[in-house]
Amino acid sequence: MLGRLFEPYVIQMLPLLLVSFSDQVVAVREAADSAARAMMSQLSAQGVKLVLPSLLKGLEDKAWRTKQSSVQLLGAMAYCAPQQLSQCLPKIVPKLTEVLTDTHPKVQSAGQTALQQVGSVIKNPEIASLVPTLLMGLTDPNDHTRYSLDILLHTTFVNSVDAPSLALLVPIVHRGLRERSAETKKKAAQIVGNMCSLVTEPKDMIPYIGLLLPEVKKVLVDPIPEVRSVAARALGSLIRGMGEENFPDLVPWLLDTLKSDNSNVERSGAAQGLSEVLAALGTIYFEHILPDIIRNCSHQRASVRDGYLTLFKYLPRSLGVQFQNYLQQVLPAILDGLADENESVRDAALGAGHILVEHYATTSLPLLLPAVEDGIFNDSWRIRQSSVELLGDLLFKVAGTSGKALLEGGSDDEGASTEAHGRAIIEVLGREKRNEVLAALYMVRTDVSISVRQAALHVWKTIVANTPKTLKEIMPVLMNTLISSLASSSSERRQVAGRSLGELVRKLGERVLPLIIPILSRGLKDPNASRRQGVCIGLSEVMASAGKNQLVSFMDELIPTIRTALCDSEPEVRESAGLAFSTLFKSAGMQAIDEIVPTLLHALEDDETSDTALDGLKQILSVRTAAVLPHILPKLVHPPLSAFNAHALGALAEVAGPGLNFHLGTILPALLSAMGGEDSEVQTLAKEAAETVAFVIDEEGIESLISELLKGVGDSQASIRRSSAYMIGYFYKNSKLYLVDEAPNMISTLIILLSDPDSATVGVAWEALSRVVGSVPKEVLPSYIKLVRDAVSTSRDKERRKKKGGPILIPGFCLPKALKPLLPIFLQGLISGSVELREQAALGLGELIEVTSEPALKEFVIPITGPLIRIIGDRFPWQVKSAILSTLTIIIRKGGMALKPFLPQLQTTFIKCLQDNTRTVRSSAALALGKLSALSTRVDPLVGDLLTSLQESDAGIREAILTALKGVLKHAGKIVSSTVRSRVYVILKDLIHHDDDQVRISAAIILGIMSQYMEDAELADLIQELFNLASSPGWAPRHGSVLAFSALLRHNPSAVFMSPVFPSIVDRLKSSLKDEKFPLREASTKALGRLLLHQIQSDHSNSKAIADILSSAVLALHDDSSEVRRRALSALKSVAKANPSAVAANVTIFGPALAECLKDGSTPVRLAAERCALHCFQLTKGTEYVQAAQKFITGLDARRLSKFSEHSDDSDDSEDDSASG
């Protein structure tokens, strides 16, 4: 009665109703049921919202009665108004289904009753009849879900499905989607797809979307393709039936899954689902999303590319005919996918391609065919393979054949096609297009990739019935295709076309050659350079494939064609023509060279064609070096070498490479000569060409090259020597070959070249020497020491022959940094060599320094001296020490003040060596110490130390100390203080009459040197003491006295002359000439010689005194001792050199005696007599002197001696003879 007005009281009544449902009296329970139905039928939507929560909460109560009552009340809600019913059932039915498994039987029973109540209000007669089955599915899902789904699928629905029907259906379908069985999932998904088309109001489905959609998504990524397919269609149906707005997250989820890195299955399912959804959303939405899909087909991640390309596999099925409007946009993406580096992406693209062909082969042929044809010529073999497969699909579709015929065995020309298939293809494609397609297909039958070849062969054999006949039909088109491909920028495509052409010639031979060769010859006139290049490659292939006999009749056409191509204006064409020439040479042999090379050589002379002709020759050389070089070289090296020929030789050398090994004797002399020519351009080009020649030869050419360069180094022309030396340096600096074995010969030759008369050559030789030595490993260098010493010696001898006396310096060692190339050899030997090598290194270093100029030596003094001092301090044998000392002596003499940093070290080293066990080391150290003192500013401590050592040492060491003292006083006597000088005098005076000859000699010389710095009184005492000693009974004191006078007469003769006892001294010296001891006679002879020399230099007018002394000298010339005679001749020669006229005035005194000495039995005496006669008779001054001399000597001797060099005995004139004072 009250209707909806009663609704506010329902909430208050509910607890009473719940109690009444559990009443023991049946009448009460029935009354409660009737009341509940009445209440529920009147509830508004708001009322349902108020009631439902408390009822659902009652289901969770622990008391079974409360649960039972709540279930009964929920059952009563089936009698709500239809609109409220559809709103509440989605919440009620699942809860009631859960109650069916309750532990209390009465609660279970109440649940079944409630579900039956829901079933009783179903208005759809088809579902109503199935309610018992559906309830069984809800009650016992394990056994009855599949059965329920089968029944539903087999039911034909005439009426629409209402909300109560959905409430019972959805839980069963939901359960079906979650089943493990693929079949069950498929059926459930199918029902989900059908639901939208059966419901009265699509909005009735909305409450169930949250429940069903997640399960459909799971089924969409099922491993079984069929299940995925049904799920995809279900999604399409849901979107189509309910609109996109109810599925806001579906498309984003599908796109994300499409990009996922998970399995291919998931991406494939997403692609299928998306294709169905896009079909449901309409073309406007699809056109909006298509650019994004195409863009993702080239995404950087392979999984994304795979997913999006898979989408194109399903879109043709879902969109149908509509999709062909988008083929032009889609095809490029699919073709790119075919060449992808990832296999799954390639498979996806190929799958998509097959589907497109399957769907649109007949309707969109004009769109598909060009894309596939382009793919056949793609640079990627994968695209070519896929394009051939797709072309096959297209042609099979057009021809009406499956293309699945097995074509094992048989020849390549045996096909499985029929004439009917061929006609079908012509009918659809047209003859022209069919010819183009078949030409392309025939070409890729020889693809570089075996996969492409196999695919093309399969398609060819499936659609071509008679290969020879078909080839004849398509020949013009095929040749055009081949020439275009041969001219392609893609090297693979050119190769494929070449192989195809070769196969064509091999198979059809003489039938096609008359067609092919004229086409190719005409092709050289094509303005397009690429096509001309293609022609050359084609010619190579044709000639390589045709038999020699087949080609003979075409030589008149082939040779001019290749000759023209070799002079083409484009380098690419010339390069390909060179390869064609190589192939031609195999067939035509020398005919090819005889008819082509002379023409190119002739073209070299023409300024307009010279460059292209040269390049043509280069191309020929690059392929046939050995055959062509002997023809070209004689023409190019013909003297005088022009700038162009020099350039040509360089260019050809670059190409010929090691082929030049056997022609170096022809090329190098011409280039070396041109390098020194007057024309600067020719010089530069010849130099570049020679450098190229040196750079390109291999191991086998080293010997020839070195031989030619050594020949050049010995040439009489300075320019050729210079060029050869430069080339040696260049070769060693830039060559990658192993040249150490040739280095010794080079080093030796270049050192000798350092004394070349041409200064420019010297500079170049020095540079080359640096490079050669620089190329040798450090550890090998010491092995060159001996050869370097020999070479330096040879070079020094060359220089000595050029020079008349004076110091000998090698020009190459007077340059800045002169010693840089050779120093490492000696230093390495000194530091790391064996004992013998170290000795050789030290001696060699001394020899090298001897021929080096002082300015050039200056910067090397420190690097040389340091290692020498270091090594002499180690425990090495005396030979090494002696060699180092002699080298240090030379450095001291030539290096001068540059040695100042080493003075203390050197002095210590030399003093230490004075105590050495070996006499040679002691003597060398003594000499070196003397020379070193010249560089010192204070020598007093040194002289003091030497005097102390002298008093304490034994005989051997004493001798060395005296020698050192002599050297120190000689070089630095001026700066010795008077105190130290007095000490020297006191000690040395006692040594004058020492028993040891050598001690006496050294003491006498030292006193002679000291006399220059003595006080007058001290000097007078010395002379007096010496005079007294001269009359001593013992011969040792007398000998010491004469030696001392001899030394005084050399170093301070005026003091002796001014002495009051001078006449007596002279008498003593004369009387000593008759002494029985020959050393005394020899010393007296030397002293008188010095006396005569001083007399003649200071007072030559005193002829009586001169004659008197000369008479004494004549006495010595008759002495029994040859040594005395030799000494007298030497003294006479020195006087004659000092004052020839004074000696000539007294020639009668000594002339006869001198003539006798010329016949002396002793060779040293005879040689000394010859030198003496040369100066005494002044034989070098002309014939009158020669005639005058004949009074005493024979004319033969006079003439013979007159030919001697005046300075030939300079080296014998040293007065510092330690043997005699």
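Let's begin at helix α58, which runs over residues 1103–1117 and holds 15 residues. From the first C-alpha of α58 to the last, the reach is 20 Å, close to the 21 Å expected at 1.5 Å a residue. Keep in mind as you look around that this is a predicted model.

Several residues of α58 are buried: Ile-1106, Ala-1107, Ile-1109, Leu-1110, Ser-1112, Val-1114, Ala-1116 and Leu-1117. Four helices pack against these buried residues, namely α56 (1062–1072), α57 (1078–1098), α59 (1122–1138) and α61 (1147–1157).

## The whole protein

The secondary structure comes to 64 helices and 0 strands. The protein has 1221 residues, and 55% of them count as buried.

Its accessible surface comes to about 52,900 Å², with 52% of that belonging to carbon and sulfur atoms. Among contacts with a separation of 6 or more, 71% are accounted for by residues 24 or more positions apart.

## A pair running roughly parallel

Helix α57, which packs against buried residues of α58, also has helix α54 (residues 1035–1051) as a partner. The axes of α54 and α57 come within 9 Å and cross at roughly 20°. An angle under 35 degrees counts as roughly parallel, so α54 and α57 are roughly parallel to each other. The crossing of this pair is left-handed.

On the α54 side, the contact is made by Trp-1035, Arg-1038, His-1039, Val-1042, Leu-1043, Ser-1046, Ala-1047, Leu-1049 and Arg-1050. On the α57 side, Pro-1079, Leu-1080, Ala-1083, Ser-1084, Lys-1086, Ala-1087, Arg-1090 and Leu-1091 take part.

## A pair running roughly antiparallel

Helices α47 (residues 903–914) and α48 (residues 919–933) have axes that come within 8 Å and cross at roughly 150°. Angles over 145 degrees count as roughly antiparallel, and α47 and α48 are therefore roughly antiparallel to each other. Their crossing is left-handed.

Where the two meet, α47 brings Leu-903, Leu-906, Gln-907, Phe-910, Ile-911, Cys-913 and Leu-914. From α48 come Val-921, Arg-922, Ala-925, Ala-926, Ala-928, Leu-929 and Leu-932.

## A largely enclosed helix

Next, have a look at helix α39, residues 743–753. Because 8 of its 11 residues are buried, α39 is largely enclosed by the rest of the structure. The buried residues are Ala-743, Met-746, Ile-747, Ser-748, Thr-749, Leu-750, Ile-751 and Leu-753.

What surrounds them? The buried residues of α39 pack against α37 (699–713), α38 (718–734), α40 (759–774) and α41 (785–802).

Lys-820 sits in the loop between α41 and α42 (823–832). Its C-alpha atom is separated by 7.3 Å from that of Ser-770, although Lys-820 and Ser-770 are 50 residues apart along the chain. Setting aside neighbours within four places in sequence, Lys-820 is in contact with Trp-766 and Phe-860.

The other residue, Glu-215, has its place in helix α11 (residues 206–220). Is Glu-215 buried or exposed? Its relative accessible area is 11%, and the cut-off for buried is under 20%, so Glu-215 is buried. Beyond its neighbours within four places in sequence, Glu-215 is in contact with His-174, Leu-177 and Arg-178.

Methods
Residues are numbered from 1 along each chain as its sequence is written. This is a predicted model: local features need pLDDT of at least 70, side-chain atom pairs count only at pLDDT 80 or more; totals for chains, interfaces and linings use all residues. Side-chain values use heavy atoms; hydrogens and water are left out. Buried means under 20% relative accessible area, exposed over 50%, partly exposed in between (1.4 Å probe, protein chains only). Contact means heavy atoms within 4.5 Å. The expected span of a helix is 1.5 Å times one less than its number of residues. Accessible areas come from the Shrake-Rupley method with a 1.4 Å probe; for residues, only the protein chains shown count as cover. Axes are lines fitted to C-alpha atoms, for helices over the stretch in contact, and angles run from 0 to 180 degrees between N-to-C directions. Angles under 35 degrees count as roughly parallel, over 145 as roughly antiparallel, 65 to 115 as roughly perpendicular and the rest as oblique. A crossing is left-handed if the near helix is turned anticlockwise from the far one by less than a right angle, and right-handed if clockwise.
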